Amino acid sequence: FVDLKPGGQYVAKDLYEVGGVPVVMKELRKAGLIHEDCVTASGETMGEALDKITGEADGKVIHSVQNPISKTGGVVGLSGNLAPDGAIVKVAGMTAEQQVFSGPARVFECEEDAFEAVKKRAYEEGEVLVIRNEGPAGGPGMREMLATTAALSGQGMGKKVALITDGRFSGATRGFCVGHVGPEAAHGGPIAMLQNGDIITIDAIKGDLSVDLTDAELEARKAGWKGPRETIYASGAVWKFAKLVGSTRLGAVTHPGAKEERHVYMDL
């Protein structure tokens with residue numbers, strides 16, 4: 001409900017001039033999406049701080065939650081047999097027709113391989129380029145797939161192919177690009193089982209990311225899977241990170257989470 005570039009019309013200065021983030025938060029509050037009891041740096045709760053904000057949505061830069069620009073916003077979550085733990089796709093600025101894509105997979109084991117293929121134009125219009133082993137554990141580190149998407153856009157192919165990865169993208173990425181596919185390849189997710197020619201469907205309207213394979217076919221491929229790709233890290237902090245890091249869906253952290261804490265450190 002905030003109309004900002006690159007998918008919208010206005011820039012950050014325009015947002016600031018109509019009240020900025022506090023007014024956006026007021027609208028989120030109306031939708032019940034703010035934890036008002038959280039304490040802010042001022043010592044006030046979030047609810048108390050928002051009570052002091054007099055600005056309202058202007059209807060141009062900031063729309064009301066009752067009359068949003070779109071129902072889903074600029075980013076859509078996907079799931080399906082190719083992403084049981086979910087995936088993320090940016091749809092800002094895309095028409096409904098551009099949010100559905102189906103085509104054969106062309107699989108790459110890392111971004112460098114994909115980038116070299118794109119430079120040589122060793123791919124076909126209508127394909128779904130798959131870059132795997134770029135997740136938190138597989139990278140390690142979950143790099144941004146900027147070089148490949150920029151090259152595709154520069155070749156005028158950004159809308160003629162799609163791209164999926166267990167890595168990530170920046171907000172400036174153009175084209176139909178799906179990131180955060182989980183479980184990642186290094187953790188034995190379905191993306192690790194893909195082969196060239198598998199038919200992949202991305203439907204951001206329905207929230208679906210699937211491959212035209214049965215559960216039995218995916219299980220059979222997993223039985224023959226040789227395990228995670230080796231990286232250049234065989235020891236040290238990055239190696240340790242790759243061994244410990246969890247799923248992207250849960251924040252790609254290296255610990256079991258706050259619920260497992262047995263004490264509060266500040267009380268020690």
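Which residues line the largest cavity? Before selecting them, note that this is a predicted model, in which local features need pLDDT of at least 70 and side-chain atom pairs count only at pLDDT 80 or more, while totals for chains, interfaces and linings use all residues. Residues are numbered from 1 along each chain as its sequence is written, and side-chain values use heavy atoms, with hydrogens and water left out.

**The cavity.** Select Thr149, Leu152, Gly158, Val161, Ala162, Leu163, Arg174, Gly175, Phe176 and Cys177, which line the largest cavity. On a 1 Å grid over the protein atoms alone, a cavity is a set of points where a 1.4 Å probe fits but cannot get out, and lining residues have an atom within 4 Å of a point. Helix 5, strand 5 (162-165) and strand 6 (176-182) each give two or more residues to this lining; helices (H or I, at least four residues) and strands (E, at least two) are DSSP runs, numbered from the N terminus. The largest cavity holds about 50 Å³ of space, a volume being the space filled by probe spheres set on the grid points, which are joined across faces, edges and corners. Its lining has 6 nonpolar, 3 polar and 1 charged residues, where Ala, Val, Leu, Ile, Met, Phe, Trp, Tyr, Cys and Pro count as nonpolar, Asp, Glu, Lys and Arg as charged, and the others, Gly among them, as polar.

**Two helices.** Next, select helix 4 (residues 111-119) together with helix 5 (residues 146-154), which pack at an angle of about 15° with their axes 9 Å apart. Axes are lines fitted to C-alpha atoms, for helices over the stretch in contact, and angles run from 0 to 180 degrees between N-to-C directions. Helix 4 and helix 5 are therefore roughly parallel to each other, a term used for angles under 35 degrees. Glu111, Ala114, Phe115 and Val118 of helix 4 meet Leu146, Ala147, Thr148, Ala151 and Leu152 of helix 5, contact meaning heavy atoms within 4.5 Å. By class, this contact has 7 nonpolar, 1 polar and 1 charged residues.

**The pocket.** Now move to Ser70, Gly73, Gly74, Ala92 and Gly93, which lie nearest the centre of the largest pocket among the 26 residues that line it. A pocket is an open set of points with protein on both sides within 12 Å along at least five of seven lines, and the largest one contains about 610 Å³ of space. Its lining residues divide into 13 nonpolar, 9 polar and 4 charged.

**Backbone stops.** Most residues other than glycine have a negative phi, and most peptide bonds are trans. In the loop between helix 4 and strand 4, select Arg121, whose phi is near 55°. Continue to the loop between strand 4 (128-131) and helix 5, where Asn133 is found with a positive phi of about 65°. Pro140 is placed in the loop between strand 4 and helix 5, and the peptide bond from Gly139 to Pro140 is cis, with omega near -15°. Finish at Pro183, in the loop between strand 6 and strand 7 (199-203), where a cis peptide bond joins Gly182 and Pro183 with omega about -5°.

Conventions
Parallel < 35°, antiparallel > 145°, perpendicular 65-115°, else oblique.
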